[in-house]
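Please look over the sequence and the structure shown here before turning to the exercises. Each exercise sets a task and then works through a solution step by step.

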Amino acid sequence: PGSYTNVTCRLNCFFNGTIVPHGQSVVAYRDALTITPDTCGAYTETRICKNGNLSGSFTYSACQTANPPLSKANKQVIANWVASLQYTDTALPSYGAIKVSNGISAYEDGTNRPVYRITPYFTHLGLIGLIEAGLAKDAILKSWIVWYLDHLDPTQGVPLDTWYGSDGTGETVCPVAADARQCNTVDAVDSSAALLFVVIEGYLRQGGDASILTDRQTKILTVINAMTKIIDASDGLSIAKQSYPIKYTLDNAEVYAGLVSLNNLTQLLPAGFLGKTNFASLATRLAAALDSTEPAGLALTDQLYSSNKDMTNNKASVNLSNWYPDFMAQIWPMIFNTTTSDRANRALGSLGQTVSDAIKAGDCNAVQAFTASIHEPVLAYALKRNNDPRFSPLASCIYSQTAPTFAWPFHVGHAGWLIRN
């Protein structure tokens, strides 16, 4: 009696509204939208239905590639703007210096003569971006490197922030009307020195003239010493400068990049030219300390980096709602290739829904509430490095709101991040 014919019963599965019969499979993608076609193909899995249970975890049935945010013409506009910031009168000591921006930084005296600030750290970020984008002209890099090496402060071993008039005259490290804290200062010796060597490596690899270096060996060794002497032998981490012995995650990620470039430069320059320091060993130790949760390290937990610690290993707490320095500390090691840790991925994934929706919609003004500035293309670059398609609308939005004048507070460092998108 009865009409049923099957001895067993197997359940089908569902995937994105589609039935997947028992025993059959479907190709799934990790991302619905990604920044390169290769990533779509690299992150796939075959999900097999077994009695109602679908193996695997990827959730998308299709994957598309996001359009790049900036065209080559857009990037050339950025590169041209950076070039416009450089002083070009070969008869003046300002030759080769690159202004932070077109904005007046201070006033020299009672005549209200405008002066413009040179901050090497920001210049390096800008030039590194141009190098990575393939838009750094040798002449710009060469004259900047020469300016830097010819303006070393005898105490710090790196240049101080410097000001010039609009015509490149009136060199000073302390404008009369400037805040006293801006006089005779460099914010961080370690970062300034480290990123110089990243610029130099990029310059040589694109065929730059090595004679500007061989003619200035003593000065190069001075900068190397300025950087390496403030690396603490007890943990391998760098302090910002001798007068401010704090170990910052951002700075140490940059120092790691500088040490890697120095190690590479030993192969590009004459044997022994850079001295006897084992840069590779210093870089390896610094990277390990940066990623360590031990007291000697800079990681606060497996999920978070501390933004800094003092000489007694007291680590700063972290609030990812604070763009600087807390959130930036999570992405800097990834940006400067210090570590393969996924702390950056967690931080970028923690962006609130409001911020995330604003980024997707290309709403820079809404993002401003998080970064405290709409001009934070480094966030777009971090998203790009993390293969997050949200980078595209954010970079496009920043470009549309700043180009072609790039008015302050947009500065040369921002240009370096933006051109990489």
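This is a predicted model: local features need pLDDT of at least 70, side-chain atom pairs count only at pLDDT 80 or more; totals for chains, interfaces and linings use all residues.

Residues are numbered from 1 along each chain as its sequence is written, and side-chain values use heavy atoms, with hydrogens and water left out.

**Exercise 1.** Describe how H13 packs against H15, and state which residues make the contact.

Solution. Begin with the two elements, helix H13 (residues 364-371) and helix H15 (residues 391-402); helices are DSSP runs of H or I with at least four residues, strands are runs of E with at least two, and both are numbered from the N terminus. On the H13 side the contact (heavy atoms within 4.5 Å) involves Cys364, Asn365 and Val367, and on the H15 side Leu394, Cys397, Ile398 and Gln401. By class, this contact of H13 with H15 has 5 nonpolar, 2 polar and no charged residues, with Ala, Val, Leu, Ile, Met, Phe, Trp, Tyr, Cys and Pro counted as nonpolar, Asp, Glu, Lys and Arg as charged, and the others, Gly among them, as polar.

**Exercise 2.** Work out how H5 is placed relative to H7.

Solution. The axes of helix H5 (residues 189-205) and helix H7 (residues 217-228) come within 8 Å and cross at roughly 135 degrees. That angle makes H5 oblique to H7. In the contact, H5 contributes residues including Val189, Asp190 and Ala193, and H7 contributes residues including Ile220 and Val223. The residues of this contact of H5 with H7 divide into 10 nonpolar, no polar and 1 charged.

**Exercise 3.** Find the order of the strands in the sheet that contains S3, and say which strands stand at its edges.

Solution. The open sheet has 3 strands in the order S3-S5-S6, with antiparallel pairing; two strands pair if DSSP finds at least two bridges between them. Strand S3 (25-29) and strand S6 (53-54) stand at the edges, each with a single partner strand, so one side of each is left without a neighbour in the sheet. Between S3 and strand S5 (residues 44-50) there are 5 bridges, and Ser25 has Ile48 in S5 as its bridge partner.

**Exercise 4.** Locate the disulfide of Cys13 and Cys49, and determine its handedness.

Solution. The structure holds 3 disulfides, a disulfide being a pair of cysteine sulfur atoms within 2.5 Å. One of them joins Cys13 and Cys49, whose sulfur atoms are 2.1 Å apart. The torsion about their S-S bond is about 85 degrees, so the disulfide of Cys13 and Cys49 is right-handed. This pair links distant parts of the chain, 36 residues apart, with Cys13 in strand S1 (residues 13-15) and Cys49 in strand S5.

Methods. Axes are lines fitted to C-alpha atoms, for helices over the stretch in contact, and angles run from 0 to 180 degrees between N-to-C directions. Angles under 35 degrees count as roughly parallel, over 145 as roughly antiparallel, 65 to 115 as roughly perpendicular and the rest as oblique.
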